[in-house]
Amino acid sequence: QVRLVESGGGLVQPGGSLRLSCIASGFTFSNYAMSWYRQPPGKERELVARIITTGGTTDYADSVKGRFTISRDNAKNTVFLQMNSLKREYTAAYYCNARTRGVYGYLDYWGQGTQVTVSS
């Protein structure tokens, strides 16, 4: 059974930091690119950060460059998102995504999400 379980969300003041974690099980973690997406209230889900299978290449949304860092530990089947200098507009549900290329196209798995609220 495939599972992606996010944790680490919560309430934080503007300028603060949070570290999100996503623990994967039920599939070969090291074969999947891992990403974090977020969905602010009333808006569409958007890509925040992505890291390839080996962790050698990362990509970020322009809005979080220099503030967020994505990393992964393939030995622990875990991907992280370190979020610094948080802004109110970063308030959203944050989702972990695993993606690999299958025979008929991309195969995606999603976590249930963790809420991040940036407010004073």
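Visitor: Of the 120 residues of the protein chain, what percentage count as buried?
Guide: Before the number, some ground rules: this is a predicted model, where local features need pLDDT of at least 70, side-chain atom pairs count only at pLDDT 80 or more, and totals for chains, interfaces and linings use all residues. Residues are numbered from 1 along each chain as its sequence is written, and side-chain values use heavy atoms, with hydrogens and water left out. Buried means under 20% relative accessible area, exposed over 50%, and partly exposed in between (1.4 Å probe, protein chains only). Here, 40% of the 120 residues count as buried.

Visitor: How many helices and strands does the chain have?
Guide: Helices (H or I, at least four residues) and strands (E, at least two) are DSSP runs, numbered from the N terminus. This chain has zero helices and 11 strands. Its radius of gyration is 14 Å, close to the 14 Å from the globule rule for 120 residues, so the chain is as compact as a globular protein of that length. That radius is taken over C-alpha atoms, and the rule is 2.2 Å times the number of residues to the power 0.38. The C-alpha trace spans about 45 × 30 × 25 Å along its principal axes.

Visitor: Which cysteines form a disulfide?
Guide: A disulfide is a pair of cysteine sulfur atoms within 2.5 Å. The whole-structure search finds one: C22 with C96, sulfurs 2.1 Å apart. C22 belongs to strand β3 (residues 18-25) and C96 to strand β9 (residues 92-102), so the pair ties together parts that are 74 residues apart in sequence. The S-S torsion is about -85°, so this disulfide is left-handed. C22 is buried at 0% relative accessibility, and C96 is buried with a relative accessible area of 0%.

Visitor: What describes a pair of aromatic rings?
Guide: You use the distance of the centres and the angle of the planes. Rings of Phe, Tyr and Trp (its six-membered ring) pair if their centres lie within 6.5 Å; planes under 30 degrees apart count as stacked, over 60 as edge-to-face and the rest as tilted. Searching the whole structure gives five aromatic pairs. For Y37 and W110, the centres are 4.9 Å apart and the planes at 65°, so that pair is edge-to-face. Y37 sits in strand β4 (residues 33-39) and W110 in strand β10 (residues 105-110), so they tie together parts 73 residues apart in sequence. Y37 is buried, at 15% relative accessible area, while W110 is partly exposed, at 37%. Elsewhere, ring pairs join F27, Y32 and Y109 into a cluster.

Visitor: Which ring does the charged end of R45 sit over?
Guide: The test is NZ of Lys or CZ of Arg within 6 Å of the ring centre and within 35 degrees of the ring normal. R45 has its charged end over the ring of Y95, 3.7 Å from the centre. R99 lies over the face of Y106, 4.3 Å from the ring centre.

Visitor: Where is V118, then?
Guide: V118 is in strand β11 (residues 114-118), and it counts as buried at 3% relative accessibility. Contact means heavy atoms within 4.5 Å. Leaving aside neighbours within four places in sequence, V118 has contacts including V12, P14, L86 and Y90. T91 is another contact of V118; their C-alpha atoms are separated by 5.4 Å, though they are 27 residues apart along the chain.
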